[in-house]
Amino acid sequence: MTGVLPVTLGEATKVVQALLYSGKEYVCVMKLHADAPEACVREVLKEFEDLVYQRPPLRSSVKRQLRTRRIYYSDFLEMDGRNVLFRVGCEGGTYIRKLCFDVGEVLGCGAHMQELRRTRAGPFLEDGSVALHDLAYWFAEWEKTKDDKVLRRFVQPMENALALIPKVCIRDSAVDAVCYGARLTAPGVLSIESSLVKGSIVAIMTLKGEAVALGRAVADVEEIMHLEHGVVVNTERVLMPRGTYPRCWKSGEKIND
Amino acid sequence: MPRTVAPWEAKRELLVKAEDKTSPKYGRNPEDRQAEDYMLHGVVNLDKPAGPTSHEVAAWVKRILKLQAVGHGGTLEA
């Protein structure tokens, strides 16, 4: 299997959790075990869109219990004899191997996954991905020239991994408390993204675009926009070191004067 | 029939509740991090080759970049 694999460096490893929720896209070659009409293959692929039931395979690191996953889209691309090429967008943790097996079952002829390439992992696409040998080359160039522009050829800021997570932007005065694990309250909020949903993972950000923490929204968009007090986000994973922003424990204290 | 929207297809609008300024005295824009600081808060969008597991490839990245710790976002294995 090949394709997009985001590798988090050093402190950035804390954002890995956000990537698991951001969805994936693959291009897959499925091999049918007998000939089947193209029209049927197209139809069955469409049937697997939306919720599917899967149990992780024997060789997996997760508990082998039946679970649901969402297939956002499964688009037939082309067919050559018994080889079917299709593109699939899905939730993280969806087993494409199992999808191919199940498609084969529904078709009646049986099928297996022949080849898989990941074309997207969250916000990261094939376009812009870097190969291992390019990585080694550019790293050596960077060590030699110490030019940070070279560094940017193969490394992105960890905040880019949060591009698909709904963002909550907060005041400077609210930052340090969140770094200590404090829950975010309504007065600290400056803006939110409309894709925010109560109960979902959100990224708490500063006005400078730095990631402060990952949390879970405990209010919906309307509530957050209109509430004067109360908790709006439960902090779950602090990303910014304490003390980056000044401590402001007293409420109402402005620090930009 | 509308199907479920993928996270990258969702419409995202910015809803502003209040305005405030940010002081240049602390914190910095992620793009302005320097050298080791930028690297240690960075992500590599790697094109994984066939053969090794995702864990092995991440370990290679760690060795190439001379780092203490790396992680990866989603296992890609056979």
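**Basis.** I worked from a predicted model, in which local features need pLDDT of at least 70, side-chain atom pairs count only at pLDDT 80 or more, and totals for chains, interfaces and linings use all residues. Residues are numbered from 1 along each chain as its sequence is written, chains are lettered from A in the order in which they are written, and side-chain values use heavy atoms, without hydrogens and water.

**Interface.** I found 82 residues of chain A in contact with 63 residues of chain B (heavy atoms within 4.5 Å). The buried area is about 6700 Å², with 59% from carbon and sulfur atoms; this is the accessible area (1.4 Å probe) lost on being put together, summed over both parts.

**Salt bridges.** I noted 5 salt bridges between the chains (a side-chain nitrogen of Lys or Arg within 4 Å of a carboxyl oxygen of Asp or Glu). B:K66 makes one with A:E143, with the closest N and O atoms 3.0 Å apart. On chain A, the side touching chain B has 44 nonpolar, 18 polar and 20 charged residues, where Asp, Glu, Lys and Arg count as charged, Ala, Val, Leu, Ile, Met, Phe, Trp, Tyr, Cys and Pro as nonpolar, and the others, Gly among them, as polar.

Strands are DSSP E runs of at least two residues, numbered from the N terminus, and two strands pair if DSSP finds at least two bridges between them. Strand β11 (residues 189-193) of chain A runs antiparallel to β1 (residues 14-16) of chain B, with 3 bridges; A:E193 is partnered there by B:L14.

Notes
Buried area is the accessible area (1.4 Å probe) that two parts lose on being put together, summed over both. Helices (H or I, at least four residues) and strands (E, at least two) are DSSP runs, numbered from the N terminus.
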